[in-house]
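Subject: Structure handover

Hello,

Please find the structure below. My notes on it come after.

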Amino acid sequence: MLLITPAFTMGLMKIPQKKSSIVVRLSLALACIGLLGITTMLVSYWISEKAEDDSLAINIAGSLRMQSYKIGLMSIDRSPNAEEFLQTKNKMDNTWNHPVFNKIRYEKPHISELYDKAFLNWQDVVTEMNSTHSNRDIQAILNQQVALLDQLVAAIQIDAEQKVRSFRLVQIIALFTTLFVSGLVMYALKVKVEQPLSTLTHAAKRISQGDFAYRIAPMEANELGILAETLNTMNGAIGYMYENLEKQVDEKTDALQKSNTTLQFLYDTARFIIEHSPEGINFDEIVSRLSLVTGVQDIELCLMTNVGNSPYLQIKPESDVDHELCAAQNCDKCLSSRGVVETSANETIYRFLLNREQRQFGLIVCRLPAAQTLSIWQEQLIQSVTDQLAIGLSLKTDEDQSRRVAVLQERNAIARELHDSLAQALSYLKIQVTRLNSAINKEDKSTMEDVADELKQGLNNAYRQLRELLTTFRLKVDGSGLKSALDATVKQLSEQSNLKIN
C-alpha cells in the first residue's frame, strides 16, 4: 500500500499548473489540416462551378459559325425558302441571346467585349448580305464574322483552360500544404510526444527495477512535463519511504538479533547455574558474557557473606584499575542504594541487588561514563541475570540447610539407637561392676562368679549390639535402590567369610 507522505503531497503542490497543452496544439494542427481540406474542397467547387458552363459556351459559340455559314449560303441562293431562312435567322438570334453568354459577359469583361464586337459585326453582316448579291462579298463578310467568332471561342476556351489550370494549382498547393502541415504534425508528435513518452517509459522501467534515485530531466510545461514532474516527485517519495522501511527493517532485525542474543545468554546462564553446583559456577565467565552482550564495559559482581556486611568474592572487569577491592569495607552503602542511580561528574553507577526471600547475596554494579544511562533492555537483562544468580545462590543455601537438617536427623537416629541398645547394655554392666566391687569387699566368691558370668554375657550382648549398629550405619542406600545396597553388602560379607548368604 502506497503511503501519502507530507513530502509527496508537498511535491505535488510544487508541480506547475500553467502549461501549454500538447493536446491543444495537436488539436489545432488537426484542425488546420481539416480546414485546409475544407478550403480546398470549397475553392475547387467554386472553380468547377464557374467552369461548369464553359463547355456549353464554347459549343454555343462554335455553333454560331455554322449558323453564320448556313445563313450565308441561304443568302447566296437567289430563291431561298423564306420560312426556312426565317427559322434559321430566329435560331441564330436565339443563339446570340443564349443565357450562357449573359453569364460569361457578366463575369468576363474581355469576353463580353469580343462578344459585343462579334454581335455588332453580325448585325452589319446581315445588313450587307441583304444589300449585296455578290458571292465574293458575302464570303468575305462571312470570313470576317467567322474570324471574330473564332476569337470569341478562343477567348472562352482560354478562360476555361485558365480555370482548369487554377483548379490544378489549387490542388497542387493544397497537396503540398497538406504534406507540409502533416510533416510538421509528425515532427511535433515525434519531438513533443514520442520522445517524452520514450523517456517516461524508460523512467518507469528504472523505477520498477528499484532505482529510486533516477530523475527525469525537465521537460516542456505540458501534460507530459507535468507527468514527468509527478514521476520525479513520486519516485522521491517512494525512495524516501523505501529508505525508511529499510531502516525500520534493519532496526527490527537488530532488535530481534539482540533479543535472540539476550535470550540465548539467559538460557545459557540458567543452564550453567543448574548444571553446576554453586561452588562450581564460573562467575568470571558470566560477568564477561554479560558485559559483551550489554556493551557495558565496567560490570562488577560482588558476593557478600551470610551476615551481609562484607564481600567474600568480587569479580571485576580486567580494565578496571580505578576501583580497589572492597573486602575491608562495609556493604551497607551498596545495600541501601537499591533502585537509586548514583550520578557524579565522572560516572553513573547502577546497583542491582541479588536478593531473594529477604536474603542478601550480593549485587552487580554497573559504571557508565557521565551523562550516559542504561537502556530499558539493558536494565532488564542485567536484572534477569541478577535474579538467576540470586536463585542459584538461594538454592545453594537451601541445599546446605537441608544437609544440616539431614545430619541432625541422622545424629538423632544414632543417639536413639545407642541409647536403646549399647547404652542400656553399658548401664547393665555398670550395675554388675558395682555388685562385683561389693562382693570383692565381702569376699563373696559365689557372688563374684555370678557377676563374672553376668559381665561376660553382658559384654557379649553389648559387642553384638555394637556390631549390629555398625552394620546398620554402614549400610547405605544410594540412588541405585535397596536391592543394590543389599547385594553389595552380601558380596562384601561373602568375600570376608565362608558364609553362604541368601
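The notes go from the whole chain to single residues.

This is a predicted model, in which local features need pLDDT of at least 70 and side-chain atom pairs count only at pLDDT 80 or more, while totals for chains, interfaces and linings use all residues. Residues are numbered from 1 along each chain as its sequence is written, and side-chain values use heavy atoms, with hydrogens and water left out.

The protein has 14 helices and five strands; these are DSSP runs numbered from the N terminus, with helices being H or I of at least four residues and strands being E of at least two. Of its 502 residues, 31% are buried. Buried means under 20% relative accessible area, exposed means over 50%, and partly exposed is in between, using a 1.4 Å probe and protein chains only. Contact means heavy atoms within 4.5 Å. Among contacts between residues at least 6 apart in sequence, 61% join residues at least 24 apart.

The largest nonpolar core has 29 residues. Such a core is a set of buried Ala, Val, Leu, Ile, Met, Phe, Trp, Tyr and Cys residues joined through side-chain atoms within 4.5 Å. F283, L290, L301, L354, I364, V385 and L389 touch the most other members. Two or more residues come from each of α8 (223–275), α9 (283–294), β1 (298–304), β4 (347–356), β5 (359–369) and α11. The most, six residues, come from α11. Leaving out residues up to four places away in sequence, L389 touches I273, F283, I286, L301, L354 and I364. Another core, of 25 residues, lies apart from this one and includes W96, I104, V126 and I141.

How many aromatic pairs are there? The count is one, where rings of Phe, Tyr and Trp (its six-membered ring) pair if their centres lie within 6.5 Å; planes under 30 degrees apart count as stacked, over 60 as edge-to-face and the rest as tilted. Y350 and F352 have ring centres 6.4 Å apart and planes at 10°, so the pair is stacked. Y350 is buried, at 7% relative accessible area, and F352 is also buried, at 7%.

Last, a residue in helix α3 (residues 54–76): L56. Is L56 buried, partly exposed or exposed? L56 counts as partly exposed because its relative accessibility is 34%. Beyond its neighbours within four places in sequence, L56 is in contact with H98 and V100. The C-alpha atoms of L56 and F101 are separated by 9.7 Å, and the two residues are 45 residues apart along the chain.

Regards
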